[in-house]
Amino acid sequence: MSSLVRNAPARSGPASAITAEVRVGRLAAFVMLILVVLALAGCGSAPHHPAASKAKHFGGYPSFLPRNTLNYHSDTVLTGTVQRPALTSQGDGVEVKTPAWSVLITVTGPQVPGEGLPYQAPTTTCTWVVTMSDATGSVPVSPSDFSSIDDFNHVYWPTFVAGQPQPPKILRPGMKLSFELRAVEAIGEGLMRWAPDGNNIVAKWDFVVEND
Amino acid sequence: MGVLALVGVGVPVSIASAAPAPPQAVTISSTGLKPGAIKHVWLIILENKSFDATFTGLNQNSYLWKTLPAQGVLLKNYYGTGHSSQDNYLAMVSGQAPNEDTQEDCAISDKLIGPNSDIVSKGNLRTDANFGQMDSPANASQPSGANAPLGQNGCTYPTDVPTLFNQLNAAGESWKGYAQDIGGAQTPGSTSFVPDTVPNREAATCAGPGTAANNPDTNPTSMSSNFPAGVTTFTSAQANDQYVAKHFPFPWFEGLTGAVNASGPDTPPLNEPSNGGTNCDANHIANLDSPTVGLVHDLQSAATTPAFSWITPNNCSDAHDAVCHGNNLSGAFNSNGTPNYNSPTPFDPETTSPVNFTGGLYASDLFLEYYIPLIEQSPAFKQGGLIDVTFDEAFPAFTYTGNSFNNANDFGPTSSDQPNFTSSIISDTAGENLFGRNVHFEPTGPNSTLGTNAQGDQLYPGPGNNAFVDRPPVCTQTTPALVPADCVPGIVRGGAGSPPGARTDAGATGSSASNVIADNSIVADDTGRQVTGTNIPANSFVGAVSDIGPNFPTTSSGAADTGSFQLVDQNGNAADPTGPVSGITLSAEGDPSDLAAGQTPDPLFNATLPTTGGGDTGSVLISPFIRPGTVSDVYYNHYSWLATMEDIFNVKSGHDRTKLAAGTVSGGLDGQGHLGYAAQPGLRPFGLDVFNNPFGGRPGPFQLDAFNVVQLPQPLWQRMSLAVATPLLALTAGAGYLWYLRRRRTALSGRS
């Protein structure tokens, strides 16, 4: 190709247009070459997921692995705000963010006694475990800020389970806490909700009350 | 459809062609893969969880439960071969069946099971199902001719019992055994590898228990007493060294370690690695996190990655301990939950400080989340890698001994799992596929046989070791004069024992306001026991039990789950205490048909059902040769696994044909390279249900045609990878440009 270009007679007018075309062709060939090199260099690897864990000295993930499995935590820890409360399943964590602080909070449960008994009551005692950690400021803590709601829009106000240490009123950075809440609820679906200011819900955990 | 058979020739999945590609075929191995397709295997072996505990959400271990199966294939019926742990590890690498000492994790002494002459060497696989098995000489003194009790058998196999690693040596394949904590346990905050933190705990050859002077022939390590200074246990984790030798198969075979016999000179191992060194040197038995010979070091290039990597996490990270004695890696993750590979020491998660001490499947998830992304991103994995995450044995799904956090009956998918002998027997079930048929049995071997008395009661533990089923007190009592002739004293109990006696739970609390008694000691099989104590009404019993977790204790003495039960009366109706409750006593349990005064029926009592295996654990495999998100229902077990590995690495092509007591290293017992019970006639190794993308790369259609696996034509866009398509595009563009120049030149010449 280059010899052809070199041998092409220099001309004005149409010839200069041809020279321009040659330059465009050269450029196109160069671009193609770069593409080839890039393609070969990236062969077999998926583009690195921006949030995926990064291992120095290693390549990216192979392309056959489903992309949505490479950042395991992205679908388990949601972010909840007043503007956009998180809706997740019981047992999963939520990173709640407010202008003043953020905190990782998990609600697990309910623990339900009486399963497998000959008679299943329409309601049962439900116990949830609330854990909070990774606070970045002073996070208010009050069992009364939790409420649950069932399929029939009945709202329950679980109470602090007696016998356990009282949680601090404020969770500060570096602190972790765990406490249990209890309410008697109807069997079926429900949502546990947290409104740290007593009014605005920031996170909701879906659960099922089951005693059969 | 015509088939173009390209025998032994690889067919790349990405083929650029304008015309539809004809179907192509390759000769398949038993696995459905062409020989050599899989070049690197990483086995990560975890501890003591049933399929229900692991893969149904019961323990909130989402990475293993959800994420990894989405990347590969989930084997729903993968079975351990026995209880408890050690016999499973040994079976995996040698095909040897258990004896009572290996079933009890070598709790007494690391002595030799017997000489080579005790290997069943007469006949062949067709004439004797136990051909090639080690027949414990201690059986000779037993009425049954088998079932010698704990302490009499020994745990170490003589030189003529080969292992998979001997076969890899002979086949020229590299291998390495990695374990957390061996030869040095990284301590939180340390900035460099700290060797030998607990001297003489695993200083024996190949990281065996005890000092370097350990010799199963002449000086076996005592596993229960006379510990070296600083050692408190060989069979459980210590805070500063959570490695346990019972979970690492290498030191238990003199075929790997060699031997010094009492009356003779050194007996060398069967062979040594083809790439130099010895079986037990630092290049073959390594600390997982060693900066010079550890996993991350080796993953840097395919050339430094062994063909086969055995990975044993420590007793915390393998899900064994409910509450960890030491680091559970919970401090090795960033605030967003991703692994922190850089602090404080790069790629050494045990130098971080744990934020809790929770074990079980929570801890194993942390381990897997940390290491599997590293393996998946390594060059070797992309060159035909296979990651295999499995367990040694299954424990019941319900909270039985504390290392499964929740009750199965809290959750829909496993609501049928109840703490009774039926579900316990299921936990002991065997499974494998013979001649294309799934079966619920496995060979017992010559040492742990099954048998019944005239009443149909099982006399012996079998491979399942009665791990979860109590046996008739008449056979388990210790007064010899009262033991019937058809009960074998001291052995029939196996791993479980007699029905539980009375128990006091001092920490139980309750009040008149609720029928729920808080009791962190309660477990599911306590259901039905009578409850007595201050303010407990007469005739009260343990109703449904709830254990929920994991909790996240900040010390190693905390509780990993929260337990409670409903107090019920004799009719099953809820009963409230009459006042505050502080401490309760549970009644003794007994044979339902022969209850003594004060006993309640034992839900785990049944003498008539055999305990045949190690239970369904499930297993996950990830590879370019496996379609993500697939499932297999075929029954497999550790023997199938061994046969699969032997076939993947084509060990029968190895050069070691020296005749052993039974078979050879490379030929195995069947001439096809299969050792022990991996050579069972008709045993199915992992097949196309597992390696369901046999041409690798982007999954495409295939079918079986006689002895070939046939790749079917795909649409062009599916067959054309970027690496092929881009150069083609460039060539086409270049050719077009040349054509254009030629035309222009011709035009200009004509004009001039």
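Why does B:Pro499 count as buried? B:Pro499 has 23 C-beta neighbours inside 10 Å, and therefore counts as buried, a term that applies when 20 or more other C-beta atoms lie within 10 Å of a residue's own, with exposed meaning 12 or fewer, partly exposed lying in between, and the C-beta atoms being placed from the backbone. This is a predicted model, in which local features need pLDDT of at least 70 and side-chain atom pairs count only at pLDDT 80 or more, while totals for chains, interfaces and linings use all residues. Residues are numbered from 1 along each chain as its sequence is written, and chains are lettered from A and ligands numbered from 1 in the order in which they are written.

B:Pro499 sits in the loop that runs between helix H11 (473–476) and strand E14 (503–510) of chain B, where helices (H or I, at least four residues) and strands (E, at least two) are DSSP runs numbered from the N terminus. From B:Thr56 it is separated by 443 residues in sequence and by 30 Å in space, C-alpha to C-alpha.

Turning to chain B as a whole, one finds 14 helices and 26 strands, and buried residues make up 59% of its 752 residues. Of the contacts in chain B with a separation of 6 or more, 73% come from residues 24 or more positions apart, a contact being two C-beta atoms, placed from the backbone, within 7 Å.

Eight strands of chain B form an open sheet with mixed pairing, in the order E9-E6-E10-E3-E11-E22-E4-E23, pairing being defined by at least two DSSP bridges between two strands. Its edge strands are E9 (285–287) and E23 (630–632) of chain B, each of which pairs on one side only. Within this sheet, strand E3 (residues 40–46) and strand E11 (residues 385–391) of chain B pair in the parallel sense over seven bridges, and B:Leu46 has B:Phe391 in E11(B) as its bridge partner. Helix H2 (residues 62–71) of chain B lies across strand E4 (73–75), E11 and strand E22 (619–622) of chain B, and runs at about 40° to E22(B); for such angles, axes are lines fitted to C-alpha atoms, for helices over the stretch in contact, and values run from 0 to 180 degrees between N-to-C directions.

In chain A, strand E7 (residues 146–150) pairs with strand E12 (residues 188–194) in the antiparallel sense over five bridges, with A:Phe146 opposite A:Trp194. E7(A) also runs antiparallel to strand E8 (residues 155–156) of chain A, joined by two bridges, and A:Ile149 has A:Val155 as its bridge partner in E8(A). E7(A) and E8(A) form a hairpin with four residues between them, and A:Asn153 in the turn has a positive phi of about 65°.
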